[in-house]
Amino acid sequence: MDTTVQEVQRRLIALGYSVGSAGADGVLGRNTIAALSKFQADRTLEIQYPGTIGAKTLAALGLDKGPALPPWISLAQSKMGLNEVR
């Protein structure tokens with residue numbers, strides 16, 4: 001669970017956007033991405049990849065944190081430096 005995603009979900013819910021039946025679960029799923037895309041379109045934010053969480057989106061939501069990393073990036077970073085050996 002990502003706390004930045006969870007905060008974004010809470011803010012979207014507060015603004016009237018549906019992030020799915022699970023609510024603010026911290027998972028960047030398809031319902032959250034759809035809500036983000038709709039929010040970005042409604043605010044006419046110029047986003048290269050709609051549905052992603054970046055600095056412009058966080059500023060528009062009133063959240064001033066760094067961009068949220070997708071879960072697979074965090075996992076990949078935790079595995080850096082590990083090697084398979086014969």
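Modeller: Gladly! Let us begin with the words for angles: under 35 degrees counts as roughly parallel, over 145 as roughly antiparallel, 65 to 115 as roughly perpendicular, and the rest as oblique. Axes are lines fitted to C-alpha atoms, for helices over the stretch in contact, and the angles run from 0 to 180 degrees between N-to-C directions. Two packed helices are described by the angle between their axes and the distance between the axes.

Please keep in mind that this is a predicted model, where local features need pLDDT of at least 70, side-chain atom pairs count only at pLDDT 80 or more, and totals for chains, interfaces and linings use all residues. Residues are numbered from 1 along each chain as its sequence is written, and side-chain values use heavy atoms, leaving out hydrogens and water.

The protein has four helices and zero strands; helices (H or I, at least four residues) and strands (E, at least two) are DSSP runs, numbered from the N terminus. For helix 1 and helix 2, the axes come within 11 Å and cross at roughly 60°. The two helices are therefore oblique to each other. The crossing of helix 1 past helix 2 is left-handed, meaning that the near helix is turned anticlockwise from the far one by less than a right angle, while clockwise would be right-handed.

Now to the residues that touch. From helix 1, Val8, Gln9 and Leu12 meet Thr32, Ala35, Leu36 and Phe39 of helix 2, where contact means heavy atoms within 4.5 Å. These residues divide into five nonpolar, two polar and no charged. In this scheme Ala, Val, Leu, Ile, Met, Phe, Trp, Tyr, Cys and Pro are nonpolar, Asp, Glu, Lys and Arg are charged, and the others, Gly among them, are polar.

A search of the whole structure finds one aromatic pair: Tyr17 and Phe39, edge-to-face, at 5.7 Å centre to centre with 85° between the planes. Rings of Phe, Tyr and Trp (its six-membered ring) pair if their centres lie within 6.5 Å, with planes under 30 degrees apart called stacked, over 60 edge-to-face and the rest tilted. Tyr17 lies in the loop between helix 1 (3–14) and helix 2 (30–42) and Phe39 in helix 2, so the pair ties together parts that are 22 residues apart in sequence. Both Tyr17 and Phe39 are buried, that is, under 20% relative accessible area, with exposed being over 50% and partly exposed in between (1.4 Å probe, protein chains only).
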